[in-house]
Amino acid sequence: MSSVFQAPAAPVPFWRRLNQFFAFPLQRKPLFYCTVLAVCSMLFGVLFFLPDVLAVLLVEVGILLAASRYGFKVVAMGSRGLQRAEDFPDRLDDEWTALPWKLFGILLVQGIVVGWLQRVSTGLAELAWLAVSFLLPATMILLVQTGSLFASLNPVAAWSVVRIIGWPYVLLCFFLFLLSQGAAIALTLLMPLFKGWLLLPLGNWLFIYFGWVMCSLLGYAMYQNHEAFGIDLLPGGGLDEDAPPDRRTPRQIAQEATDALVAQQITDGDLAGALGTAYEDQRMHGDELPAQRRYHRVLALTDKTDTLLLHAQRFIPLLLNSGQTTEALKAFLACRERDAQFVIADAGHTLALATTAWNGGDAKQAIALLGGFDRRFKGHALVPKAYELVARVLLQGMNRPDMALKVLATLQARHADSPSVAEVQWLLRAHLPQPVAAGGEAPSTP
């Protein structure tokens with residue numbers, strides 16, 4: 001299946017979405033992460049006024065690294081169309097995790113070059129510094145795209161980024177410059193309200209906040225030009241607020257795309273290809289019910305009975321644990337059609353299937369499911385419950401109180417202390433011998 005997802009409509013220009021960028025760090029996940037990082041500096045804030053500043057510097061470097069990594073994640077995911085932090089994958093590609101260090105290397109090289117030019121000509125150095133500052137957003141775009149330090153140092157490549165974005169690049173630089181001053185301005189305004197060691201965590205929070213606002217803006221600017229940059233959108237990417245609302249998550253959209261691909265392969269007669277696609281998706285998403293359901297259904301179309309039955313040992317419990325008891329029973333019965341001796345290996349899941357069959361009015365299937373339960377799961381805590389269900393089905397579903405009484409006798413002999421004994425006795429109260437009254441006569445039935 002292709003991983004390329006195109007945006008449903010032309011993206012809204014970034015200068016019309018400024019509120020979105022300011023709101024991004026206030027989403028639940030980034031807000032929590034930003035606050036945690038700020039609190040980390042608070043723990044060492046008292047050291048700010050002590051001679052041992054090295055500890056503070058180490059903590060600040062760690063916070064800067066963590067915030068930078070998440071910032072690059074915001075840029076990378078934003079460039080591929082994801083605007084909500086909850087849609088971000090938990091892990092980034094390995095090539096993206098080292099981007100903060102590579103950016104530091106780029107700035108170091110550029111600083112060395114400008115410093116060398118300073119020795120040659122002050123005016124030339126100032127022009128070089130202006131060029132470096134102007135091309136910095138383009139350099140970061142290159143870094144996110146290529147993951148290469150050396151490719152991002154190429155001024156010709158950076159200029160090609162400027163040409164792709166066009167005149168809005170100047171506006172992008174202007175907004176980024178204003179945002180870069182935002183933390184310092186906000187801290188200056190808040191300093192009279194916060195004293196002493198609180199200033200350090202407050203300053204960190206503000207700098208992280210405005211930094212992630214800048215990253216959100218830069219990522220969206222890349223997304224706005226994703227076709228020109230050759231960026232493939234992620235599943236669910238590119239859903240603008242101005243577009244029709246779509247409540248599906250990116251993973252749900254990807255699942256539907258896989259469903260469509262498998263269905264098309266089956267329609268085209270490529271059953272082996274459909275099985276391969278379904279297998280790979282369920283292998284990558286072992287706990288996802290849609291992926292397991294798809295694989296089970298494709299297996300049911302093949303003659304791979306052993307594979308079908310082996311997969312059912314995972315699929316049926318997953319259905320039961322998800323509350324899909326009726327579907328679980330149907331899957332079990334489909335396996336029984338392939339192999340009459342097929343059973344589920346877990347006692348709780350077996351009892352749940354029998355209960356589902358009984359609740360659905362299939363007394364015979366409930367009894368069949370519980371056949372040999374006490375031998376297969378000898379000593380299991382659910383054995384008395386299984387006896388109880390068998391007695392109920394025999395009495396209420398098959399009108400066989402005589403057999404239910406035998407089950408009660410076995411239950412009393414083997415599990416006399418179980419609450420199930422009293423439950424079955426109550427069920428069979430009308431069929432149990434009545435106690436003899438003091439006068440020798442049985443009590444009359446009310």
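Hi everyone. Before we look, two notes on how to read the model. Residues are numbered from 1 along each chain as its sequence is written, and side-chain values use heavy atoms, with hydrogens and water left out. The model is predicted, so local features need pLDDT of at least 70 and side-chain atom pairs count only at pLDDT 80 or more, while totals for chains, interfaces and linings use all residues.

Let's start with the whole chain. What does its secondary structure come to? It comes to 22 helices and zero strands. Helices here are DSSP runs of H or I with at least four residues, strands are runs of E with at least two, and both are numbered from the N terminus. The chain has 446 residues, and 43% of them count as buried. Buried means under 20% relative accessible area, exposed means over 50%, and partly exposed is in between, using a 1.4 Å probe and protein chains only. Now take the contacts in the chain with a separation of 6 or more: residues 24 or more positions apart account for 66% of them. A contact means heavy atoms within 4.5 Å.

Next, two helix pairs. Please find helix H6, residues 122-146, and helix H8, residues 155-165: their axes come within 8 Å and cross at roughly 95°. That makes H6 roughly perpendicular to H8. Axes are lines fitted to C-alpha atoms, for helices over the stretch in contact, and angles run from 0 to 180 degrees between N-to-C directions. Under 35 degrees counts as roughly parallel, over 145 as roughly antiparallel, 65 to 115 as roughly perpendicular, and the rest as oblique. On the H6 side of this contact you will see residues including Phe-134, Leu-135 and Ile-141, and they face an H8 group that includes Trp-159, Val-162 and Ile-165. By class, the contact of H6 with H8 has 11 nonpolar, one polar and no charged residues. For the classes, Ala, Val, Leu, Ile, Met, Phe, Trp, Tyr, Cys and Pro count as nonpolar, Asp, Glu, Lys and Arg as charged, and the others, Gly among them, as polar.

The second pair is helix H16, residues 325-338, with helix H17, residues 347-359; their axes come within 9 Å and cross at roughly 105°. So H16 is roughly perpendicular to H17. Thr-325, Thr-326, Ala-328, Leu-329 and Phe-332 of H16 make the contact with Leu-353, Thr-356 and Ala-357 of H17.

Now for the spaces. The search uses a 1 Å grid over the protein atoms alone: a cavity is a set of points where a 1.4 Å probe fits but cannot get out, a pocket is an open set with protein on both sides within 12 Å along at least five of seven lines, and lining residues have an atom within 4 Å of a point. Grid points are joined across faces, edges and corners, and a volume is the space filled by probe spheres set on the points.

The largest pocket holds about 1300 Å³ of space. Which residues lie nearest its centre? They are Ser-68, Leu-103, Met-140, Gly-211 and Met-214, out of 35 lining residues. Helices H3, H5, H6, H9 and H10 each supply at least two residues of that lining. Its residues divide into 27 nonpolar, seven polar and one charged.

The whole structure has one cavity of 30 Å³ or more. The largest cavity holds about 40 Å³, and its lining includes Phe-24, Gln-83 and Ser-216.

Finally, a few single residues. Pro-137 sits in H6 and is buried, with a relative accessible area of 7%. Not counting residues up to four places away in sequence, Pro-137 touches Tyr-169, Cys-173, Leu-176 and Leu-218. Pro-137 and Leu-218 are 81 residues apart along the chain, yet their C-alpha atoms are separated by 7.6 Å.

Asp-281, in helix H13, counts as buried at 10% relative accessibility. Beyond its neighbours within four places in sequence, Asp-281 is in contact with Arg-251, Thr-258, Ala-291 and Arg-294.

Is Asn-399 buried or exposed? Asn-399 is exposed, with a relative accessible area of 60%. Asn-399 lies in the loop between helices H20 and H21, and has a positive phi of about 55° although it is not a glycine.
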